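Subject: Structure handover

Hello,

Here is the structure you asked to see. My notes on what was found in it follow below.

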Amino acid sequence: MTDSIAMAVARPVASKVHVRYKSPTARGRLPVLVLFLPPALLLFTLFVILPMGEAAWYSLFRWNGYGPPTEFVGLRNFTVLFNNAAFSQALINNGLIIVVSLLLQIPLAIWLAMMLAHKIAGVVAFRLIFFLPYVLADVAAGLIWRFVYDGDYGLFAAIAGFFGVATPYVLADRDLAIYAVLAVVVWKYFGFHMMLFIAGLQAVDRSVLEAAEIDGATGWQKFRYVTLPLLGSTVRLSVFFAIIGSLQLFDLIMPLTGGGPSNATQTMVTFLYTYGVTRMQVGLGSAVGVVLFVICITLAFGYKRIFMRHD
Amino acid sequence: MTDTTTEVRMTAGTRVYLYVSLSLVAALVLVPLLTTALGGFKSLGDLRINPFGLPSGWIWSNYTDILFGERYWRQMTNSLFIAVMTVFLTVVVSAMAAFTFAHVKFFGSGQLMNYFLVGLMFPVATAILPLFIRIRDLGLLDSYWGVILPQVAFGLGMSILLFRNYFRNLPDELFQAAFVDGCGYIRFFWYVSLPLSRPIVATVSIVTFVNSWNSYILPLIMLNTETKYPWPLGIMVYRGEFGTEWQLVLAFITLTILPTVIVFFLAQKHIIAGLTAGAVKS
C-alpha cells in the first residue's frame, strides 16, 4: 500500500538502483544507454513536457494558432478566464463532483465492498456486474444515459408516465442537468472504488476484528472503530482518484450535455474544449491548461504532505 | 477471506438484507445496459410506449444493417489498429527505459526517473492545444500516428514506473550469473528480464489497451476524416446523424460496446487485476 500511494502522488523517487556489482562485470553500459533511453526520452519530451511548457508560454498571448504568436497580452487571458461565468461554473461543477464522490460514491463503495466480503453465493457475479460500467467507454456510458434520460423515448419518460407526472427533460433543465450528470458519474465509477476497498479489506487483519467481537463490539462499532481506521490509506487513495477523475472529466459530459444547457454542466476540460479548441483561442485554452496543471501539481504535492505522512 | 464464523452465524435476515441490497444496485447497473440492448430490437414506436419490456416484434434488421454495413467494421478496425500500436510502442519503449533505470547505474539516473514521473501528475487535456499545434507542425494531423504517439507519451510515466519496480524485484543473482557467463545488458534484457516479466507486460498492456480503446479527446482533436475515426468518435457522429431514431443509435451502441463486454467477461480476472493494480500497486 505504501508503494501504491507513492505511485498515486508520483513521489519523486530517489535513485535507489539495486546494483551491487561493480563495473568489472557490468560492461557495455554505453550501448544500452544509447539504445534504450532515447526513444522514451524523445517521445516524452516532445509530446508531454514541451507542450506543457508551451501552454504556459502561449497562455500569455492572444493567438489563433496560425503563424507565430505575436500579440502579447500578459496575464489578460487569466483575468478573462476568472471573470468568465462559464469558467466559474466549471470550477463549481468540478468541486461538486468531488463532493458527491466523497459523500456518496466512497460510502457506497465501502458499503458494497463490506457486503461482498461475506461468504455468500454469487459474490463474484455481483463484483463483476458492479465493475462493468468502469470498463465501458465514457462516451458509450454517456450515450446510454442520454437515452435513459430522454424525455420522449427513454426510461425516465416511461417512469414518469407510470406515475402519471409530466415527463421531465432533465438534461435540458439548467438546474437539474448537473445532478443528472453526477448520477452518471457515480454509476460509472463506483465499481472502481469498490474494487479498491475490496483489496483494502483483504488486508485488514481478521484477528483484530475477532478481538473486538470478544470485547462485545456491535457490528457498527466494529466497522466504525476497527475496519474504517484500518482502511484509512485506501480511503485516501480513493479520494485521490476521485479528485483526479473529476479534474479530467470530459468524455462523459460530451454525449450527455456537451457542457450545456447554457454552460450549466461545464467542467474545466469541457470549457477548454468549447472555448479554447473549437474557437481556436490558443491563449485562453492554454490558460485553462495552466490552471489545471497548477491544480494537479498542488494537489499531488499538497495531498502527499497533508494526508499521507503516516502511510 | 476465510470467514467461516460469520457464515455460520449469519441469520436469514442478514442474508435477505445482503441479497436485496446487492440485487438493487446490480439492477441499477444492468437496467440501462439491458434496455439499451433490447431497445435496438424495437421499432421507434415500440420504444416510445415500452422502453423497459421485451420488444413486441423483434426487428433484427436494426442490428444486421449495421453488421453488414462497412461503417461499424471500419471504426472497429481503426480503434484496434490505434490500440495495438499504442500498446506495442508503450511496452517496448517503457520496458527499455525502465530496464536502464533498474539495472544500469549512470549519472543522473534518479533525476531522469523523476522527470518521467512528472508525466503522472497531469492529464493529457492540460496540454491539448500545444499538442495539437505540435502534431499539426509535424504534419501528423489527421493521421493515426497523431493519436498514437501522444497516447504512448502520456502512458510512459506510469508504464516505466511499473516496469522499473518489477525489474528491480527480479533476483539479483540472475544478473550476476548472467554477467559471469559473459552476457551483456541488452542480451540480459531480451533473454532474462523480458521473459520473466510476463505479468507486468500483461498489466501494462491491459491498462494501455483499455485506455486507448476508450479514448475520445485525443482522436477528437487530431482526426478530421470520418473514415479514420475510432469507434467513440464514430458513435457520436452516428448519433448526430440519426438524431432521434433511438432504436438505431441503441443498436449501434450495443454493437460497439459488445467487444468490450465479451472480452471483459472472458478475461475478467486479468482485467480487474490489471486495471486496479495498474492504478494502485506498483
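To begin with one helical stretch: residues 178-203 of chain A are 96% helix and 0% strand, with 37 Å between the end C-alpha atoms. Please keep in mind that this is a predicted model.

Chain A

Chain A as a whole has 14 helices and two strands. Of its 311 residues, 42% are buried. If one takes the contacts in chain A between residues at least 6 apart in sequence, 69% of them join residues at least 24 apart.

The UniProt record (unreviewed entry) also gives "domain: ABC transmembrane type-1" at residues 91-303 of chain A. That span is 75% helix and 0% strand, and 19 Å separates its end C-alpha atoms.

- Phe82(A) belongs to helix H3 (residues 76-82) of chain A. Phe82(A) counts as exposed because it has 12 C-beta neighbours inside 10 Å, and 12 or fewer is the cut-off for that class. Between Phe82(A) and Val288(A) there are 9.9 Å in space, C-alpha to C-alpha, although the two are 206 residues apart in sequence.
- Ser262(A) sits in the loop between helix H12 (253-256) and helix H13 (268-277) of chain A. Its phi is positive, about 35°, although Ser262(A) is not a glycine. Ser262(A) has 12 other C-beta atoms within 10 Å and is therefore exposed.
- Met280(A) is in the loop between H13 and helix H14 (282-307) of chain A. Met280(A) also has a positive phi in a residue other than glycine, near 50°. With 14 C-beta neighbours inside 10 Å, Met280(A) is classed as partly exposed.

Chain B

Chain B has 15 helices and zero strands. Its radius of gyration is 24 Å, whereas the globule rule gives 19 Å for 282 residues; the value is well over the rule, so chain B is more spread out than a compact globule. The C-alpha trace of chain B spans about 75 × 65 × 35 Å along its principal axes.

Buried residues make up 46% of the 282 residues of chain B. Among the contacts in chain B with a separation of 6 or more, 76% come from residues 24 or more positions apart.

For chain B, UniProt (unreviewed entry) places "domain: ABC transmembrane type-1" at residues 76-267. This span is 78% helix and 0% strand, and its end C-alpha atoms lie 20 Å apart.

Separately from that annotation, chain B is divided into domain 1 (4-63) and domain 2 (69-279). The C-alpha centres of these two domains of chain B are 33 Å apart. Their contact takes ten residues from domain 1 of chain B and nine residues from domain 2 of chain B. On the domain 1 side, H2, helix H3 (44-49) and helix H4 (61-68) of chain B each supply at least two residues. H2(B) gives the most to that side, with three residues.

Where the chains meet

How many residues of chain B are in contact with chain A? The count is 92 residues of chain B, against 89 residues of chain A. On the chain B side, helix H2 (residues 12-39) of chain B provides the largest share, twelve residues. The residues on that side of chain B are 62 nonpolar, 20 polar and ten charged.

The largest nonpolar core has 166 residues, and the ones with the most contacts inside it are Ala140(A) and Ile128(B). Helix H8 (residues 177-202) of chain A gives the most to this core, 15 residues. The core lies between domain 1 (4-63) and domain 2 (69-279) of chain B, because both give residues to it. Neighbours within four places in sequence aside, Ile128(B) is in contact with Leu272(A), Val277(A), Ile217(B) and Ile221(B).

Regards

Terms used. Residues are numbered from 1 along each chain as its sequence is written. Chains are lettered from A and ligands numbered from 1 in the order in which they are written. This is a predicted model: local features need pLDDT of at least 70, side-chain atom pairs count only at pLDDT 80 or more; totals for chains, interfaces and linings use all residues. Helices (H or I, at least four residues) and strands (E, at least two) are DSSP runs, numbered from the N terminus. The radius of gyration is taken over C-alpha atoms; the globule rule is 2.2 Å times the number of residues to the power 0.38. A residue is buried if 20 or more other C-beta atoms lie within 10 Å of its own, exposed if 12 or fewer, and partly exposed in between; C-beta atoms are placed from the backbone. Two residues are in contact if their C-beta atoms, placed from the backbone, lie within 7 Å. Ala, Val, Leu, Ile, Met, Phe, Trp, Tyr, Cys and Pro count as nonpolar, Asp, Glu, Lys and Arg as charged, and the others, Gly among them, as polar. UniProt positions are given in the numbering used here, feature names are shortened, and annotations may be inferred rather than shown by experiment. Domain bounds come from an automatic or database domain assignment. A nonpolar core is a set of buried Ala, Val, Leu, Ile, Met, Phe, Trp, Tyr and Cys residues joined through C-beta atoms within 7 Å.
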